[in-house]
Amino acid sequence: MYELSLLFFRIATFQKGPQDVPASPFVLRLLLPVYVAINYLILFLNGAQSTALLQIAVDFGLIVSFCWPLLYASGKIARFPQTLAAMLGTDVVISFFALPAIATLNTHANDLAYFAMLALVLWHWLVSGHIIRHALDRSLFFGLGLALLYIMLSSQIMAALFPEITGAPQ
């Protein structure tokens, strides 16, 4: 598990790509409980315990339903397990680093915590673009465009499905 954690950290720091993830369903079976646990912890800190598992399931579904069609349309569907694992694994890494900022924002928000969250969102966008770029064999600019599209769409869908969490009017 240490090697996988290190691999996802290296992908999140642009040293490796999704092609370096073993193409094994076993990796996804190992990764999924960690993904659920870290996201549950984040939602717990945000006070969303009642819908946490549903939100995690929707988020997972969004990642799958974004990656699968992209890879299918580009004729690279064999890369799906590696791409999905890279997206989930780097999400875990970035979410882990987000925990202190989220806890700070929920207890005594300050400018540093807001700046940290902004930096983490930017990092997540860059890493997602990096993964998409490698998965599709396209330019970084193309990957960043698709990653931005994914982040915007998933944010809108989550806000529409869970308005009480995002503070949107009901």
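Which residues of H5 are buried? In the predicted model, the buried positions of helix H5 are Ala113, Leu120, Trp123, Val127, Ser128, Gly129, His130, Ile131, Ile132, Ala135 and Leu136. The cover over these buried residues includes H1, H3, H4 and H6. The length of H5 is consistent with its residue count, because 26 residues at 1.5 Å a residue should span 38 Å and the end C-alpha atoms are 37 Å apart. At the start of the helix, a side-chain oxygen of asparagine 110 comes to within 3.1 Å of the backbone nitrogen of leucine 112.

Confidence in the prediction was examined next. The average pLDDT of the protein is 93, and 96% of the residues score at least 70. Residues 166-170, by contrast, have a pLDDT below 50, and this stretch makes 4 contacts in the model beyond near neighbours in sequence. Where pLDDT is low, predicted coordinates should not be read in detail.

Serine 128, a residue of helix H5, was considered individually. Its relative accessible area is 3%, so serine 128 counts as buried. Leaving aside residues up to four places away in sequence, serine 128 touches Met87 and Ala147.

The unreviewed UniProt entry carries the annotation "transmembrane region" for residues 26-46, 52-72, 84-106, 112-132 and 139-162. In the model, the span 84-106 is 100% helix and 0% strand, and its end C-alpha atoms lie 30 Å apart. The span 139-162 is 92% helix and 0% strand, with 34 Å between its end C-alpha atoms.

Asparagine 39 is a polar residue of interest in helix H2. With a relative accessible area of 12%, asparagine 39 is buried, because this value falls under 20%. The contacts of asparagine 39, not counting residues up to four places away in sequence, are with Ile56, Asp91 and Ser95.

Methionine 1 is placed in the segment before H1 and is partly exposed, with a relative accessible area of 49%. Methionine 1 touches Leu30 and Val34, residues up to four places away in sequence being excluded. Although methionine 1 and valine 27 are 26 residues apart along the chain, their C-alpha atoms are separated by 9.4 Å.

Backbone geometry was then considered in the loops. Most residues other than glycine have a negative phi. Phenylalanine 14, in the loop between H1 and H2, is not a glycine and yet has a positive phi of about 65°. The relative accessible area of phenylalanine 14 is 41%, which means that this residue is partly exposed. Aspartate 137 is found in the loop between H5 and H6, just after H5, and takes a positive phi of about 55°. At 48% relative accessibility, aspartate 137 likewise counts as partly exposed.

Leucine 148 belongs to helix H6. This residue counts as partly exposed, at 39% relative accessibility. Leucine 148 and alanine 103 are 45 residues apart in sequence, and the distance between their C-alpha atoms is 26 Å.

Note on methods. Residues are numbered from 1 along each chain as its sequence is written. This is a predicted model: local features need pLDDT of at least 70, side-chain atom pairs count only at pLDDT 80 or more; totals for chains, interfaces and linings use all residues. Side-chain values use heavy atoms; hydrogens and water are left out. UniProt positions are given in the numbering used here, feature names are shortened, and annotations may be inferred rather than shown by experiment. Helices (H or I, at least four residues) and strands (E, at least two) are DSSP runs, numbered from the N terminus. The expected span of a helix is 1.5 Å times one less than its number of residues. Buried means under 20% relative accessible area, exposed over 50%, partly exposed in between (1.4 Å probe, protein chains only). Contact means heavy atoms within 4.5 Å. A polar contact is a pair of N or O atoms within 3.5 Å; within protein, one must be able to donate a hydrogen and the other to accept it, and residues adjacent in sequence count only if both atoms are side-chain atoms. pLDDT is the predictor's confidence in each residue, from 0 to 100.
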